[in-house]
Structures are given as C-alpha cells and as structure tokens.
Amino acid sequence: EFPLWGPILSPIGALYGWVMKVRRRRFARGGSSQHRFPVPVISVGNLTVGGVGKTPMAAAILTILDAQQNKCVLSRR
C-alpha cells in the first residue's frame, strides 16, 4: 500500500467534484443541451483507454440482442 495516495489524490477528487457541481448547475439551468433519442441507447465505455474490454463487450451485447432488431454501432476516435 502506498501511504501517499490520499494526499496525492485528494486535490484531484476535489477538482472533479467541483467540475461535476458546475456541470449539474448548467444542466439544471438549461445551459447544456441534452438529446433524447426515440430508441433505446446502450453506451459502453469508461475513462480507461485501451485494453479493458470495451470492444468485446459491445460485440457481446450485439450478439445478445434479437437478430430482428436494427442496430447501429458508433465509435469515436
């Protein structure tokens, strides 16, 4: 265990909390737009880049879904 994790990560956590608070306020005031799709949307992702299994998970979800359903995969590079 690394004893300095708390002091190192605490300022980052405080900054993240502040950013999320500002973001929530913007959404509450209508300053940020949201888009509602007329169909269900499944989002697969996380903050980690590469090698954590997002692509295999998306492929597994596609195979589980009914073959009669129209599906679309979007990827941001």
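Is Arg-25 buried, partly exposed or exposed, and what is its relative accessibility? Select Arg-25 in this predicted model, and the computed relative accessibility is 45%, which means that the residue counts as partly exposed, since that class lies between the limits of 20% and 50%.

With Arg-25 still selected, widen the view to helix α1, which covers residues 5-29 and contains this arginine.

Next, select the whole of α1 and compare its length with expectation: at 1.5 Å a residue, its 25 residues should span 36 Å, and because the C-alpha atoms at its ends are 36 Å apart, the two values agree. Step past the end of the helix to Gly-30, which follows α1 and has a positive phi, near 85°.

Phe-2 is found in the segment before α1, and with a relative accessible area of 40% it is partly exposed. Leu-9, by contrast in location, lies in helix α1, and its relative accessible area of 43% makes Leu-9 partly exposed as well.

From Leu-9, draw a distance to Met-57: the two residues are 48 apart in sequence, and their C-alpha atoms are 30 Å apart in space.

Which region holds Ser-43? Select Ser-43 and you will be in the loop between α1 and α2, the latter covering 54-64. The relative accessible area of Ser-43 is 69%, so this serine is exposed, the limit for that class being over 50%. A distance drawn from Ser-43 to Leu-74 gives a C-alpha separation of 9.5 Å, although the pair is 31 residues apart along the chain.

The last stop is Val-73, which lies in the segment after α2. Its relative accessibility is 57%, and Val-73 therefore counts as exposed. Finally, draw a distance from Val-73 to Leu-62, where the C-alpha atoms are separated by 9.0 Å and the residues are 11 apart along the chain.

Notes. Residues are numbered from 1 along each chain as its sequence is written. This is a predicted model: local features need pLDDT of at least 70, side-chain atom pairs count only at pLDDT 80 or more; totals for chains, interfaces and linings use all residues. Side-chain values use heavy atoms; hydrogens and water are left out. Helices (H or I, at least four residues) and strands (E, at least two) are DSSP runs, numbered from the N terminus. Buried means under 20% relative accessible area, exposed over 50%, partly exposed in between (1.4 Å probe, protein chains only). The expected span of a helix is 1.5 Å times one less than its number of residues.
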